[in-house]
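Please open the structure in a viewer and keep a selection tool at hand. The stops below are given in the order in which they may be selected.

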Amino acid sequence: MGELTEPFQFEFFVRGMVAATLVGLLCGAVGVYVVLRSLAYIGHGLAHSIFGGAVVSFVSGISFYIGATLWGVFTVLLINAAARRRQIGGDAAIGIITTCAFALGVALISRHGQFTRDFDAALFGEILGITSGDLAVIGGVLVLAAAVIFAFWKQLLFTTFDSDVASTYGVPVPWVEALFSLVLAATVIASLQVLGATLIAAALVIPPVTARLLTDSFTRMFTLAALLGGASGLVGVYVSWFIDVSSGATVVLLQGALFAVALAWAVARSRWPGTGSGERLAAIEGATLD
Amino acid sequence: MVELAPSAPGHRPPPHPDGEPLVELRDLSTGYERTPVLRNVDFTLRRGEFAGVVGPSGSGKTTLLRAIAGQTRRFAGAIETRPRPGERALRLGYVPQVEAINWNFPLTVGQAVLMGRWREMGWRPWPRRHDRELLANILERLGIGHLVGRQIRALSGGQQQRTFLARALIGDPDLLLLDEPTSGVDIKTRHEIMHLLGELNRAGTTILMSTHDLNAVATHLPRLVCVGEGALVADGAPEGVLTPEVLRRTYGADMLVLRRGDAIYVVEHLDDAMTGESEETPVPATPVGG
Ligand SMILES: Nc1ncnc2c1ncn2[C@@H]1O[C@H](COP(=O)(O)OP(=O)(O)O)[C@@H](O)[C@H]1O
Ligand SMILES: [Mg+2]
């Protein structure tokens, strides 16, 4: 018994566990819209691009959060502008912009001659290095995301389902999309320290896709995705203490395992007609990690 | 061959040439991104009308409906609408063509229909009792009351059309725009849908619908608009519009028009209609009877 509660005596561990739970919940909830709009590559690209922003702000001595926010907003605007040009293709444009930003970060690091712990955290996550300031930022972003999603629930749902028709029914689609881009950028920034640029996309995509396998209702998918994300954050960090594996990786591997179970369940159920699982399997075909 | 039976005199609802203009397109050129799809369109729809848009696939039927719905880019000309007194915009009910709907979305019939009332539902994410009563009423009226919790892919073609018709109707629209509402449904369902639309029109709803079904749908409408190669080719009652000359300019193929009493049949030479290679196998295009 003493061994199982051992990690809780360390404040940094408890902070990390709270942070991972909140970030898991946040990514799970925001990821629902990302997955349903097939924007997974945007989350992926945004995370890598903001890593570049983090390095630039470190090198130039600006606070990470200020630098990353400016960079994140800039990237979102650039992605939105690029995605509208059909000749390039949205995903190609995003790939170019975000990998260049990422490469810029890597270039600056190598020029700097040192690979500090901060960069390591921004790439792979460093849950146990979370400060109370980081925790406050994560909490603030969670409140912001919750407020936006609650207040614009119907507009977001309609825009996600069919943005053209939503505008015909009077939804201010450009505003809704801008607001969501803001929430997504804030989510990625808040998650960077916990999951690292390389794992954020997974946390945005896996819980919603798992939830989609389990339900056909939007409301239930949203709730399930947030719960799965939060639970895997909590359990993942706790387990990582004992198996001595990077916590971010443990969280994502746990989500992957949950997805595998849900998939097996859906496949098994799809053998009985009329359960709806066949449709759900078809529904996740379009969702990929990058 | 049921639908080839001549319609009884007076079966067709009368046109309403005296209603006030609800929508006016003046010299409108509209399309997507760089090039207009439709050029120099002049079109007026009056309150109480029931009009159909016909034309080959790719001619711009959907674009015409989407232009009125404010979903396209305007290159030149003007769109003018007459909203209700005290309202800023026309209330539109838009039913997209089935191909434009994401059937994999985790959406139940109830959630889809309530989208049409997102504005009236206030700030809450969830529907109030009044909203749920309205939802139940509209679903009951369309005969899909028992399907409220069903995912939208798990519906028949007719039930899918009714679901999105319900979404359009729940917002009490001034104008109902339907894109090929009878495509992909069986004959009985097509009759039911057309009957339903006729009833709505008699109760005062203005309707503009596109269809590729000349004989079973278009000839029964009071007014037809022919779209061919990016322009309006003809506009008027079916008797005046459905002539070999107009059909050749619309479809780029020769067709036979048969008239018996009040009924009009268009006999398509399928190969010609699909490839436009009318020169190779000329078909006499003479009106018969009258
Ligand atoms: N979103 C779009 N972007 C660019 N071009 C489009 C878009 N939608 C339709 N088009 C083009 O506009 C033309 C008319 O299409 P559409 O209005 O859908 O025809 P219809 O409904 O009569 O089949 C076609 O040539 C089509 O390729
Ligand atoms: Mg069309």
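Residues are numbered from 1 along each chain as its sequence is written, and chains are lettered from A and ligands numbered from 1 in the order in which they are written.

**Confidence**

The model scores ipTM 0.85 and pTM 0.87. Next select residues 1–11 of chain B, where pLDDT stays under 50. Residues 277–290 of chain B also have pLDDT below 50. Where pLDDT is low, the predicted coordinates should not be read in detail.

**Interface**

Display both chains: 26 residues of chain B are in contact with 27 residues of chain A, contact meaning that C-beta atoms, placed from the backbone, lie within 7 Å. On the chain B side, 14 of the residues are nonpolar, 9 polar and 3 charged. Here Ala, Val, Leu, Ile, Met, Phe, Trp, Tyr, Cys and Pro count as nonpolar, Asp, Glu, Lys and Arg as charged, and the others, Gly among them, as polar.

**Core**

A nonpolar core is a set of buried Ala, Val, Leu, Ile, Met, Phe, Trp, Tyr and Cys residues joined through C-beta atoms within 7 Å; a residue is buried with 20 or more other C-beta atoms within 10 Å of its own, exposed with 12 or fewer, and partly exposed in between. Select Ile50(A) and Leu177(B), which touch the most other members of the largest such core, a set of 165 residues. Helix 2 (residues 11–36) of chain A supplies the largest share of this core, 15 residues. Beyond four places in sequence, the contacts of Leu177(B) include Leu65(B), Leu92(B), Tyr94(B) and Leu208(B).

**Loops with positive phi**

Helices (H or I, at least four residues) and strands (E, at least two) are DSSP runs, numbered from the N terminus. Select Glu33(B), in the loop between strand 1 (21–32) and strand 2 (35–46) of chain B; its phi is near 50°. Glu33(B) counts as exposed because it has 9 C-beta neighbours inside 10 Å. Then select Asp172(B), between helix 4 (157–169) and strand 6 (175–179) of chain B, with a positive phi of about 50°. Most residues other than glycine have a negative phi.

Definitions and conventions:
This is a predicted model: local features need pLDDT of at least 70, side-chain atom pairs count only at pLDDT 80 or more; totals for chains, interfaces and linings use all residues. pLDDT is the predictor's confidence in each residue, from 0 to 100. Two residues are in contact if their C-beta atoms, placed from the backbone, lie within 7 Å.
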